[in-house]
Amino acid sequence: MMDVDSYRWRPPKTNYLPHNIDMDPVVEEFEIPLGRASDHENAAYFEKMKLAAQEFNIVRPKGYTVSYHATSEMEKHHFGQTHPMKPWRLTLTKSLVTAYGMPFAMDNYNTRHATYEELNSFHSSDYLDYLATAAPEDQPRDLDNPDKDVKFNLGGSDCPLFHGLYDYCSMSAGTSLDAARKICNKQSDIAIAWGGGLHHAKKSEASGFCYINDIVLAILQLLRLYPRVLYIDIDVHHGDGVEEAFFSTDRVMTVSFHKYQPEVFFPGTGGLNDNGPKSEHNPGAHHAINVPLNDGITDEQYEHLFKSIIGQVNTTFRPSAIALQCGADSLAGDRLGRFNLKVEGHAACVRFCKSLGIPMILFGGGGYTPRNVARAWAYETSIAIGADQNIPAEIPQHAPWRQHFVHETLFPTLEQSMSEPRNNKNTEKRLRDIVAHVHEQLRFVQHAPSVQSSIIPPDLGPVRDEVEERLKEERGGEGGG
């Protein structure tokens with residue numbers, strides 16, 4: 001059970017972003033060109049993908065397998081006119097990944113919806129029932145009355161009840177669960193699920209644009225096979241939902257790098273001294289590592305900090321699997337973020353984690369400037385398959401929706417990403433103090449914690465097998481991922 005008394009619950013905060021129709025939209029609107037291509041167009045594009053793969057030497061990596069888990073139906077959902085979350089960022093990501101020919105180096109899976117039973121392995125039944133049956137609303141309930149109560153935090157500006165919400169949530173969870181299954185079945189060594197990474201959702205509450213915590217569901221799957229899972233979060237916001245879910249276990253260590261300014265920046269948790277339960281008798285003590293950062297941190301600072309901390313965490317905790325949330329709102333120029341990270345700095349975290357040689361899932365997460373989200377996730381896909389030294393910086397001419405990237409490069413400068421870089425408020429002394437504090441916390445972590453001492457999550461195998469068999473019958477006996 002969670003040590004509730006020692007977990008500092010977040011106080012009510014202002015929304016991520018005020019959704020006022022009268023104000024100038026903070027999020028630019030797109031004419032989303034999601035019409036289906038003809039068979040002829042698809043065939044022509046496939047040939048261009050093949051030529052790109054040959055030109056850029058995109059081949060399957062030797063010695064390990066990478067899998068890519070997605071469903072295009074997710075991309076068509078819409079949170080609302082002024083809402084920062086744009087699922088179309090997945091379309092732009094797919095545009096780059098395919099244009100460079102990367103699918104030829106991976107096992108590609110069109111994933112199914114997660115079932116109610118799979119979602120219920122973490123989320124409460126009453127919450128799921130409401131999520132599945134609540135009628136869509138065209139306007140947030142708190143638009144005119146900020147104090148209006150919303151059930152399960154659903155229907156407000158942050159977490160609106162948009163059309164197709166439950167399908168969207170189950171599709172997102174489905175990508176992450178499929179990635180976890182492929183890791184557990186030894187069918188993949190690095191599994192990519194950019195449609196997942198929704199780290200704020202709680203057991204019975206939506207939060208911060210997140211309704212279903214697909215990461216928790218995936219980690220529960222990993223724990224069926226792997227003794228210890230390391231969760232790393234490089235989103236600009238604290239990974240509070242995942243930390244809370246595994247607050248009292250020593251089988252999951254959570255490490256979150258995020259902006260921390262509790263009075264004004266969501267979710268207001270994740271201070272340096274928030275390291276899990278205060279009681280030393282609780283197995284989860286010292287298993288929550290938080291790295292609170294200020295505005296303007298640079299690539300060089302972030303990479304050094306990341307390697308210094310994750311390197312020591314790996315040595316001490318000895319994870320048998322890694323779940324890496326790659327929220328792209330930590331990039332410079334994000335509409336909600338406040339850092340000065342370029343695509344290269346963000347991706348350095350993925351490269352370092354890959355170098356550890358541990359089975360890993362790459363999740364998506366935040367990211368509210370779609371063109372830069374796509375750049376980061378596409379480049380990080382290239383790192384996963386070992387093609388990052390091969391692909392050119394110039395976005396291929398045949399990339400769909402190329403004009404939406406504004407600049408032709410995969411690696412925009414800070415000046416191209418924003419009008420001017422943010423003032424860096426992270427002093428070198430402060431960063432050294434953070435590293436020293438984390439290393440001190442790790443001194444209290446036992447090497448290789450006992451699996452027997454912790455609760456093993458419920459076995460979803462029978463549920464999964466039953467669903468897979470039913471879907472196979474519906475497809476007329478065809479196999480599928």
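**Close-up views of a predicted model**

**View 1. Helix 2 passes helix 10 in a right-handed crossing.** A crossing counts as right-handed if the near helix is turned clockwise from the far one by less than a right angle, and as left-handed if anticlockwise. This is a predicted model, in which local features need pLDDT of at least 70 and side-chain atom pairs count only at pLDDT 80 or more, whereas totals for chains, interfaces and linings use all residues. Residues are numbered from 1 along each chain as its sequence is written, and side-chain values use heavy atoms, with hydrogens and water left out. Helices (H or I, at least four residues) and strands (E, at least two) are DSSP runs numbered from the N terminus. The axes of helix 2 (residues 88–99) and helix 10 (residues 370–384) come within 8 Å and cross at roughly 45 degrees, which makes helix 2 oblique to helix 10. Axes are lines fitted to C-alpha atoms, for helices over the stretch in contact, and angles run from 0 to 180 degrees between N-to-C directions; those under 35 degrees count as roughly parallel, over 145 as roughly antiparallel, 65 to 115 as roughly perpendicular and the rest as oblique.

**View 2. Residues of helix 2, including R89 and L96, meet residues of helix 10, among them W377 and T381.** Contact here means heavy atoms within 4.5 Å.

**View 3. An open sheet of eight strands has the order 2-1-3-8-7-4-5-6, with parallel pairing.** Its edge strands, strand 2 (107–110) and strand 6 (288–293), each pair on one side only, where two strands pair if DSSP finds at least two bridges between them.

**View 4. Strand 7 (residues 321–325) is largely enclosed by the rest of the structure, because five of its five residues are buried.** Buried means under 20% relative accessible area, exposed over 50% and partly exposed in between (1.4 Å probe, protein chains only). From strand 7, A321, A323 and Q325 point one way, while I322 and L324 point the other way. Strand 7 pairs in the parallel sense with strand 4 (residues 229–233) over five bridges, and Y231 stands opposite A323. Strand 7 also pairs in the parallel sense with strand 8 (residues 360–363) over four bridges, with Q325 standing opposite F363.

**View 5. T254 lies in strand 5 (residues 252–259).** T254 is buried, with a relative accessible area of 5%. Not counting residues up to four places away in sequence, T254 touches Y231, V242, E243, H287, A288 and I289.
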